Amino acid sequence: MSVRAQRITVIAVLSAAAATACGSGGHRVSAPSPSPTTGAAPVSTHAPTATASPAPGAGGDAQDQTFGYHRDAGHTGFDPLTPPFTTWSKAWSADLDGQVYGQPLVVGDHVIAITENSTVYALAIDSGTVVWHTHVTEPAARDKLPCGNIQPTVGITSTAAYDPASRRIFTVALTPAGSTVKHVLFALDAATGRVVLQRDIDPQAHGIDPAALNERGALAIANGRVYVPFGGNFGDCGSYRGAVVSSALDGQGPLTQFVLPTPREGGMWAPGGIAVDDHGDLYVSTGNGAVTDPAQGYDGSDSVIKLSPALEQLSIFGRAEWAEDNATDLDLGTTGPLLVGPFIWIQGKASTGYLLRQSDLGGVGHPFKSVDDACGSQFGGAAAHGLTIFASCTDGISQLTIGADGTPTPGWKAKVFGSPVVGGGVVIAVEPSSGTLYAFDEQTGAVRGQIGVGDVSHFATPALHDDLVLVPTLAGITAVRGA
């Protein structure tokens, strides 16, 4: 059966009207313990009005912001305003009420950090002082889920997204719902932390149990909508299918969704989530599906998929070995699509990397270019500066440069694993096993600096702002300053 024949239909899901909820509590100016709440009612705790967030860009260059994963819609992770690297020192650290898995955002003079306790923080970028924080809902207990490796609770795991037009922060939390759990989309006013919108956001389709889903991939904002990717928990247990669900930014109207046409799995779990091109089209990568017999037809697993703003499938690329990949857990979707010029870079657990054309992904087994032994395996999120890629490989961050004919040529390799960002002439990544932040010369790969930042999650990605590197840790945020 052809990919076109298997195309899943976009479903308009009638949902309950978006509700608004907010609360107030005592002022806090230091990192708090978990906010006292009961049930799933959002409670926000605000700092004095005088310390409310400025409009985006106030207190710094309007371009020097991070509104989503890897800074821009294509997820390049490149910051052209980062000053040249010299040496590092720890600027500040903020202990928060839970682990921080998502990349921090930079909105105006504030760092937005979100914890597994489902608390959203705005921190003063120069000191780490808590300006406001909002505990949006109770997280789910790990024992409510069929499997997973986030302990002891699962709240907000993915990287949030900020909409400068509405000045709202969008994030998705896992929360208890009777005897099970559900995923809820929240929007918060960036100036005050007040919850202005909340809406159930789980995909609705046969073979999907919300408890088996993991909202690990970063959210994306485009086309007046917020897009939310879903994969499975660590261990791939339970009944789930990879999906993207979309809501209008004002919470009105039906949800739309794309659900992968595989009987099970095919998760869209890569931390980078959804990349968006200049036309507003979306790109996601998928993991293993359940079909292992090629005679049954391609099920959309182990792929890169291009979706329209309305979540209609426009194009797809899959490895020729997709059925074998499904059978041996060799998924392609361990990283999200990286937009590089007119191309897309993708590599998964196999050692072959692929360069695809955004205009036509190529179908099954037909990439624009492929690179054997690009690196061992790639996980997390790659980065790019111009046509140079910095891949997040298990055997070391790897440089590849796209030539005039479109062929990616491997360059230097650093023996450190991490999801990198680029700026100031260096490639910056935190090694999860040691909690060490490294800077590598962008041209040569030579180590230019290193500093301990504390325990971090496996795919921790720092954010850059001016001379600061903002690192999400299992205790909160650590800021390192170039000097």
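## Sorting residues by class

Ala, Val, Leu, Ile, Met, Phe, Trp, Tyr, Cys and Pro count as nonpolar, Asp, Glu, Lys and Arg as charged, and the others, Gly among them, as polar. With that in hand, the lining of the largest cavity sorts into 5 nonpolar, 5 polar and 1 charged residues. The model you are looking at is a predicted one.

## Cavities

The structure holds 6 cavities of 30 Å³ or more, and the largest cavity has a volume of about 60 Å³. Its lining includes Val-154, Ile-156, His-183, Glu-215 and Asn-233. Strand S11 (168-177) and S14 are the elements that give two or more residues to this lining.

## An enclosed strand

Now let us turn to strand S16, residues 225-232. Here 8 of the 8 residues are buried, so the strand is largely enclosed by the rest of the structure.

In a regular strand the side chains alternate between the two faces of the sheet. On one side of S16, Arg-225, Tyr-227, Pro-229 and Gly-231 are buried; on the other, Val-226, Val-228, Phe-230 and Gly-232 are buried too.

## The partners of S16

Strand S14 (residues 213-214) runs antiparallel to S16 and is joined to it by 2 bridges, with Asn-214 opposite Gly-231.

Strand S15 (residues 220-222) is also antiparallel to S16, through 3 bridges, and Ile-221 stands opposite Val-226. The hairpin of S15 and S16 has 2 residues between the strands, and in this hairpin Asn-223 takes a positive phi near 60°.

Strand S17 (residues 243-248) pairs with S16 in the antiparallel sense over 6 bridges. There, Val-245 of S17 is the bridge partner of Val-228.

Note on methods
Residues are numbered from 1 along each chain as its sequence is written. This is a predicted model: local features need pLDDT of at least 70, side-chain atom pairs count only at pLDDT 80 or more; totals for chains, interfaces and linings use all residues. Side-chain values use heavy atoms; hydrogens and water are left out. Buried means under 20% relative accessible area, exposed over 50%, partly exposed in between (1.4 Å probe, protein chains only). Helices (H or I, at least four residues) and strands (E, at least two) are DSSP runs, numbered from the N terminus. Two strands pair if DSSP finds at least two bridges between them. On a 1 Å grid over the protein atoms alone, a cavity is a set of points where a 1.4 Å probe fits but cannot get out, and a pocket is an open set with protein on both sides within 12 Å along at least five of seven lines; lining residues have an atom within 4 Å of a point. Grid points are joined across faces, edges and corners, and a volume is the space filled by probe spheres set on the points.
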